[in-house]
Amino acid sequence: MKNYSFFTPLRGRALPVLAAAVLALASSCTKYLDVAPLAQPEAVSFFQNANDAAVASISTYGKLREWNLVAFNWLSVTTLTSDDAEKGSVSGDAEFLNNFTFFRVGPTDGPLDGFWTGQYQEILLCNQIIQNVPGINMDANLKARYVAEAQFLRSLMYFNLVRAFGDVPLYTKPPVTPDELNLARTPKDQIYAFLVSELTAAAAVLPATYPSADVGRATKGAALALLSKVQMYQKNWAASLSASDQVIGLGYSLAPDYYKMFRIAGENGPESIFEVQCSAVPGNCDASNSQWAQVQGVRNQFGWGFFIPSASLDAAFEAGDKRKVATILYPGETTPDGDVITTSAPNPRYNAKAYVPNSVPYTCNYGDSQNLRVLRLGEVLLINAEAANELGQTSKALADVNMVRVRAGLAPLASGMSQDAMRQAIWKERRVELALEYGDRYFDLVRQGRAAQVLAAKGFVANKNEVLPIPLNEITLSGGKLTQNPGY
């Protein structure tokens, strides 16, 4: 895809004055379609035909890989707040990140603004489609699919927001006036109910698979997998089990090699349910070329060396767990791809899931073609296991967990475990299976009620740090309609 602008910023947010096809910040992202540059028509003159709908749909995928949604701002909120990661790099470099590491974060910390703005800009793009595409004279099935894809992506953004901040403004259509832009916070229970409704509707429309040209678009499996996760966060165990059972029945299979799954050759494999598709176009390096790998790459060799695995995560893997080599890089080691990690790297560990071998060329920055794995079967099996166990179906949970463990080269757990022992085993597997991927660990600890205990040494304060502060800039711009979380 090429350069487009789909919004113009207004006071830190996004008002849909321009409705051109693809965000300048989010261009060149998908691997399945390339469209010629267009001008920037007004919203009233856009969304006139099937091509407009197609280009608008592409924009929602392009946005997913820009800085706010993959790099410092995303990783600060989702990863540094967990016990899986530390700031990394060198002393004095981006020290503000330690506000997230040690729960000193306040309403004026910049990454909060970026995280908030990035999610809502993507929501705006989705809302444009959901509102305008139904009125276009085009193939009815394709029209419905574009809307369902936008519902899935909008739901993913709101899921990120509600986990990070609790109550957040719920925009279901593009705001046109400043008053419509400044909504009050919607209670999180209502946000979750909205997500259940949206994902259920999307799953009923989306196809299970796509032809190769459209690989990377949201599928029925993606909607159901996110639905199962949303229900898990609400402890709606029967609903979570049902949705995850449906995903398991769609024909996904565990990738045989965990390490290779995270290499570029392993993208969109048999286990993949949803990935952020990343590629770069020569001459477009000012567009949204993913820096997820670059900011985490081994310092003095590949990248900037931030967001490094913690000693706690290092110790969490059992002896012989094949997932460890795919998760943690050590200075001086030789990777399975033959690269020797430099001993001049200043940190003891780096994120191996963000590693791209030297043999893979890049266009704009290191790792700019590395996809982000958002949802995959390994996680769905563990969601299924947790829901089954909470419903007393411990033998079903055991089978799910053992599929994940055996793939990792570990011995299966023995039968006869108590419900609580199985619960602890599932939580442990979630940590090592999903470490340093899409930022779930901190949110998992909060929903499990263990954050105050596990994160105490990092400065976590109970009844405060279960959510992050609403950005002060947003409160100010709202004229006081937005209120602050307690304790901030």
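These are my notebook entries on a predicted model of one protein.

**Entry 1: overall build**

I began with the whole chain. I counted 19 helices and 8 strands in the protein. Next I looked up the extent of the C-alpha trace, which spans about 60 × 50 × 50 Å along its principal axes. Does the radius of gyration speak for or against a compact globule? A compact globule of 488 residues would have a radius of gyration near 23 Å, and the protein has 21 Å, so the two agree.

I then checked how the chain packs. Buried residues account for 62% of the 488 residues. I also took the contacts between residues at least 6 apart in sequence, and 71% of them join residues at least 24 apart.

**Entry 2: surface and charge**

The protein exposes about 16800 Å². Carbon and sulfur atoms supply 55% of that area.

Then I went to the charged side chains. There are 42 positive and 45 negative ones. I noted that the centres of the two sets lie 2 Å apart.

**Entry 3: cysteines**

How many disulfides does the model hold? The count comes to 0 disulfides. A disulfide is a covalent bond between the sulfur atoms of two cysteines. I looked at two cysteines for their surroundings. Cys 126 has 0% relative accessibility and therefore counts as buried. Cys 278 is also at 0%, so I put it down as buried.

**Entry 4: positive phi**

Most residues other than glycine have a negative phi.

Phe 103 is not a glycine, yet its phi is about 55°. I found Phe 103 in the loop between helix H4 (98-101) and helix H5 (110-132). Its relative accessibility is 6%, under the 20% cut-off, so Phe 103 is buried.

Lys 235 is the other entry here, with a positive phi near 60°. This lysine sits in the loop between helix H9 (220-233) and helix H10 (237-248). Is Lys 235 buried or partly exposed? At 47% relative accessibility, Lys 235 counts as partly exposed.

**Entry 5: inside the helices**

I picked Glu 149, which lies in helix H6 (residues 140-165). Its relative accessibility is 1%, so this glutamate counts as buried. Which residues does Glu 149 touch, leaving out those up to four places away in sequence? I listed Ser 57, Tyr 61, Leu 206, Tyr 210, Arg 217 and Ala 218.

Ala 243 came next, in helix H10. With a relative accessible area of 3%, Ala 243 is buried. Beyond its neighbours within four places in sequence, Ala 243 is in contact with Leu 224, Leu 227 and Ser 228.

**Entry 6: a strand glycine**

I turned to Gly 88, in strand S3 (residues 85-88). Its relative accessible area is 12%, so Gly 88 is buried. How many residues along the chain separate Gly 88 from Gly 305? I read off 217 residues, while their C-alpha atoms are separated by 6.0 Å. Gly 88 touches Gly 305, and its contacts also include Phe 306, Ile 308 and Asn 347.

**Entry 7: two loop residues**

Phe 302 lies in the loop between helix H12 (292-296) and strand S5 (306-309). I noted its relative accessible area of 10%, and Phe 302 is therefore buried. Setting aside residues up to four places away in sequence, I found that Phe 302 touches Gly 297, Asp 339, Ile 341, Tyr 355, Asn 358 and Tyr 366. I also checked Phe 302 against Ala 204. They are 98 residues apart in sequence and 43 Å apart in space, C-alpha to C-alpha.

Val 325 was my last stop. I found Val 325 in the loop between helix H13 (311-316) and strand S6 (328-329). Its relative accessibility is 34%, so Val 325 counts as partly exposed. Apart from residues up to four places away in sequence, Val 325 touches Tyr 259, Pro 336 and Ala 352.

Technical notes
Residues numbered from 1 in each chain as written. Predicted model: local features only at pLDDT ≥ 70, side-chain atom pairs only at ≥ 80, totals over all residues. Heavy atoms only, no water. Helix = DSSP H or I, 4+ residues; strand = E, 2+ residues; numbered from the N terminus. Rg over C-alpha atoms; globule rule 2.2 N^0.38 Å. Buried < 20%, exposed > 50% of the residue type's maximum accessible area, 1.4 Å probe, protein only. Contact = heavy atoms within 4.5 Å. Areas by Shrake-Rupley, 256 points an atom, 1.4 Å probe, with all protein chains shown as cover. Lys, Arg positive; Asp, Glu negative; His and termini not counted. Charge placed at Lys NZ, Arg CZ, Asp CG, Glu CD. Disulfide = S-S within 2.5 Å.
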